[in-house]
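Student: I am new to this structure. Please show me how to read it.

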Amino acid sequence: MDLGQQPAAVLRNVAKTYRVESVEIQALRGLDLEIRSNCLTAIAGPSGSGKTTLLNIVGCIDRADQGELEVSGTAVGALCDDALSDFRATHLGFVFQSFNLIPVLTAYENVEYPLTLTNVPAAQRRTRVSEMLEAVGLASHAQHRPGQLSGGQQQRVAIARALAAAPRMVLADEPTANLDSQTGAAIIELMRRMQQEHAVSIVICSHDPQVIAAADDMVLIRDGRIEAVRREVRS
Amino acid sequence: MTWALAVRNLARNRRRSLTTLAAIVVGTVAILLFGGYTRNIRYGLQMGFVRSSGHLQVQHKDYFLYGSGNPAAYGIADYRHVMEVIRADRVLAPMLTVVTPTLQLGGIAGNFDAGVSRTVIATGTDVDGQNELRQWNDYGFAGTPRPLALTGTAANAAVVGEGVARVLQLCGALGLRRCAAPVSDTQRGGVAPALPPDLASLSAAEAAAGPPHKDTRIELLAATARGAPNVASLSVVKAESQAVKELDDVYVALHLAQAQRLIYGGDPPQVTAIVIQLHHTWQIPAARARLEQLLATALQREPLEVQDYETLNPYYGQTIGFFAAIFGFISILIGVIVLFTVGNTMSMAVFERTPEIGTLRAIGLRRSGIRKMFMAEGMLLGLAGSLLGILVALLLAFLINHGGITWTPPGRVDAVPLTVRVWGEPGPMIGVVLALTLVTIASSWVPARRGARINIVAALRHA
């Protein structure tokens, strides 16, 4: 199978309802969506539209109430919790709005952590972590802890961590929301570059116009339904 | 990475970790010091009993249950042969330190010059054997044991309990303090009971045979093996307190030959027990098994049986049981305190690190990985706390043992240094480390499990 042609994720009739006390909130209402591989896809929409829920389901950290989901050709709905954890470790990377680095680990160790989960040998880990930190421009900050780094630097480390285990897809939830516009632009540029260099699919959930502008595909979501999908024709 | 994370997370919230650690250290110290104190009492009591009545005794069958005070019916006739066989046995010999006979009898001791008498339990002992028994010091207690008060005394010498001396009005002659003579019936104008004429003549004959000790002379009246009354005139050389009043009021010790002459007269002498002392207490089962083998084969001519020091001295087991109960209660209490302290600490850690849990789970750490991470923290707290506690306990034990504090333990008359045995006792130390580490792991388990089961999305939102 040509993985390059296989969609990064396919959602069929996916629905998700949250219950807050006695009130039911339909976050997703029967979504059908195909996320293309090796593309930077932006999921946009107003607050409460369901974009983060969609990202969580595609990222296999939340389960849909109905419908089917395939990620990198795997029907993840049938996987048990441990199998799903292993799947995330090998196939997916995450970048969070608040960076979510482990505060007691250095930048180096934060990037190394996903590699320890997939039992990558130590020598290989060293090479890979150095490469990733070099790629995000933080080789000289390898021994710094997150508290010693600026927001932009922390997000760079988070990007290096997300890509360290060579996943098929990286999911980023509002990665620029906690950064000033200049740093945010730099992060988007870095993610774009990394997406191309590492041939990985990146799905960014954001309403930042810079992100939407940089994306190959854009999915507009409102009230739990897809309102529009814009796909750029690949050259 | 799990251990590195655990160590760093503990260091991250230093004050809380130190408070928890302090609780474990205090718990460890309390367990080790009280355990060391209890152990010292156990060793001390054991030493006292082993020095006086040996580890094992060979007795006439049923003497222990029915024969006390009846040496005529429950004596060991061929005791010298029995002792020879025991000493010569190639299995027993390497374990033995002392094999010595004793003869216990019941009688009436009287100071008929003063017109007073009382029932007593007298023990005839071989002085050299008894002094050898007193050398046993397997637990390294300080000080040199005093020789038996009968050492180097005349054949008719006796040592009595202070209670006996008091009743027999020997306090002045023996130089006892706090032992003023009571206002007796005689002094109140009453009449002292007179010695029967036949006993008086026996007493006179006995007194004529030995050196005169007018001030401290007593008569010991007992029934001979043939059932006739007999009297021994004894010279009391010393009164020794026996710690337990009931014993102090009846205790008389005399030379074995004297006791045998009193009971058996011209007949072949017997004893009521052969006291056997071993090099080590742990040798009792092996020595007992071999003795029982010998009693069933080479020594089967007489119906004999073997008793150990715990059976012979029920007070030992009761005291040990009492201290063990207190120790168990304290240990459980400390275990519960540590359980809740560590549980609370780990619950706080899980609550505070919920977003981290979400992150780690999102990037692929299994639930079991989260559980391991928190349980590793609990285990490290338990290990570090108990190891630190051992160091503190060793230091405190050193200070206590060298602080010159004394106390009078149960069953003793003289004050002894307060000692806690922590150093040189690896068993309890290892036990405490293992037990407290297990307790901390157990107390981490519930919060760790709760952390592992947190929904990832909810955890990531928990910023």
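Student: How many residues does the contact take from chain B and from chain A?

Tutor: Two residues are in contact if their C-beta atoms, placed from the backbone, lie within 7 Å. Here the contact takes 19 residues from chain B and 19 residues from chain A. This is a predicted model: local features need pLDDT of at least 70, side-chain atom pairs count only at pLDDT 80 or more, and totals for chains, interfaces and linings use all residues. Residues are numbered from 1 along each chain as its sequence is written, while chains are lettered from A and ligands numbered from 1 in the order in which they are written.

Student: Which elements give two or more residues to the side of chain B that touches chain A?

Tutor: Helices (H or I, at least four residues) and strands (E, at least two) are DSSP runs, numbered from the N terminus. On chain B, those elements are α1 (2-12), α15 (354-362) and α18 (456-461). α15(B) gives the most, with five residues.

Student: Is α15(B) mostly covered or mostly open?

Tutor: A residue is buried if 20 or more other C-beta atoms lie within 10 Å of its own, exposed if 12 or fewer, and partly exposed in between; C-beta atoms are placed from the backbone. α15(B) is mostly covered, with seven of its nine residues buried. Among them are B:Glu356, B:Ile357 and B:Arg361.

Student: What covers the buried residues of α15(B)?

Tutor: Both chains contribute. The cover includes α2 (81-91) and β6 (92-95) of chain A, along with α16 (367-401), α17 (426-452) and α18 of chain B.

Student: Which residue with a positive phi follows α15(B)?

Tutor: B:Gly364 does, with phi near 120°.
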